[in-house]
Amino acid sequence: DAGIRGLKELSWSANNPIVSGLYYRSFYQITVANDFIRQSAEATVSSRNITGADAENIKKYRAEARFLRAYQYWVLMDVYANPPFVDENSPIATGLPPQISRADLFQYIENELKAIETELLQPKTNEYGRADQAAAWALLARLYLNAKVYTGTERYADAITYCNKIVAAGYTLHPDYRNLTIADNHLNTDENIFMIAYD
């Protein structure tokens, strides 16, 4: 694939299709999530006469969209440090978005994940390919594991806290490592927490 050689040889630039592809794909997903979050605000849903089970499902989908946006911002923070920042309240097509510092983005991601924690479904209760509480806990654990890089302050105890939540929810390492790379990840519910369905 184009770009692999540059990555293998540790000689890449912003022109590498994988480096730029990850950047633009993350922002595409943030854009889609922002629009869904904007369109699924409680007042907007109510104004469209959506009620009952449909309205409750939209709340759950909205929490998942917030998780996906937080995940993509974590990717951008981890790989590119200080990316541009937009959310559902940002003006659309009015100029370039402002850049956010890694420390501020860390705080934003942490706040988002904690805010939606109780809105997401319980671990192992959502359908394949969709986020639940364990996905948020796993992302928080990753966030805290590298907090010193992102903010200058270690947060290892917090990483352990969220890892313990994941273990207490019934997740464990799969006994055969080779099975993690075959085409039945939907069956591996002991280790896989959040899968992207590329079936």
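At what angle do the axes of helix α4 and helix α5 cross? In this predicted model, the axes of α4 (residues 52-80) and α5 (residues 102-116) cross at roughly 155° and come within 10 Å. That makes α4 roughly antiparallel to α5. Angles over 145 degrees count as roughly antiparallel, those under 35 as roughly parallel, 65 to 115 as roughly perpendicular, and the rest as oblique. Axes are lines fitted to C-alpha atoms, for helices over the stretch in contact, with angles from 0 to 180 degrees between N-to-C directions. Helices are DSSP runs of H or I with at least four residues, numbered from the N terminus.

The model is predicted, and local features need pLDDT of at least 70, side-chain atom pairs count only at pLDDT 80 or more, and totals for chains, interfaces and linings use all residues. Residues are numbered from 1 along each chain as its sequence is written, and side-chain values use heavy atoms, with hydrogens and water left out.

The crossing of α4 and α5 is left-handed. A crossing has this hand if the near helix is turned anticlockwise from the far one by less than a right angle; clockwise gives right-handed. On the α4 side, the contact (heavy atoms within 4.5 Å) involves A63, R66, F67, R69, A70, Y73, W74, M77 and D78. On the α5 side stand R102, L105, F106, Y108, I109, E112, L113, A115 and I116. By class, this contact of α4 with α5 has 13 nonpolar, no polar and 5 charged residues. Ala, Val, Leu, Ile, Met, Phe, Trp, Tyr, Cys and Pro count as nonpolar, Asp, Glu, Lys and Arg as charged, and the others, Gly among them, as polar.

Helix α4 has 29 residues. From first C-alpha to last, α4 reaches 42 Å, close to the 42 Å expected at 1.5 Å a residue. The expected span is 1.5 Å times one less than the number of residues. Just after α4, A81 takes a positive phi of about 75°. A81 is not a glycine. Its place is in the loop between α4 and α5.

Helix α2 (residues 17-39) also contacts α4. Its 23 residues reach 32 Å from first C-alpha to last, close to the 33 Å expected. The axes of α2 and α4 come within 9 Å and cross at roughly 155°. That makes α2 roughly antiparallel to α4. The crossing is left-handed. From α2, the contact includes V19, L22, Y23, S26, F27, Q29, I30, A33, N34, F36 and I37. From α4, the partners are I58, Y61, R62, A65, R66, R69, Q72, Y73, V75, L76, V79 and Y80. The residues of this contact divide into 16 nonpolar, 4 polar and 3 charged. The buried residues of α2 are V19, S20, S26, F27, I30, A33, N34 and I37. Buried means under 20% relative accessible area, exposed over 50%, and partly exposed in between (1.4 Å probe, protein chains only). Their cover includes α1 (4-8) and α4.

Helix α6 (residues 133-145) passes α4 in another orientation. The axes of α4 and α6 come within 11 Å and cross at roughly 20°. The two helices are therefore roughly parallel to each other. Their crossing is left-handed. F67, A70, Y71, W74 and M77 in α4 meet A135, A136, L139, R142 and L143 in α6. This contact has 9 nonpolar, no polar and 1 charged residues.

The 13 residues of α6 reach 18 Å from first C-alpha to last, close to the 18 Å expected. Helix α6 is mostly covered, with 10 of its 13 residues buried. The buried set is Q133, A134, A135, A136, W137, L139, L140, A141, L143 and Y144. These residues pack against α4, α5, α7 (147-151) and α8 (156-168).

L140 lies in α6. L140 counts as buried because its relative accessibility is 0%. Leaving out residues up to four places away in sequence, L140 touches E110, L113, K114 and Y162. The C-alpha atoms of L140 and Y71 are separated by 9.7 Å, with the two residues 69 apart along the chain.

The loop between α5 and α6 holds K124. K124 has a positive phi of about 65° although it is not a glycine. At 39% relative accessibility, K124 counts as partly exposed.
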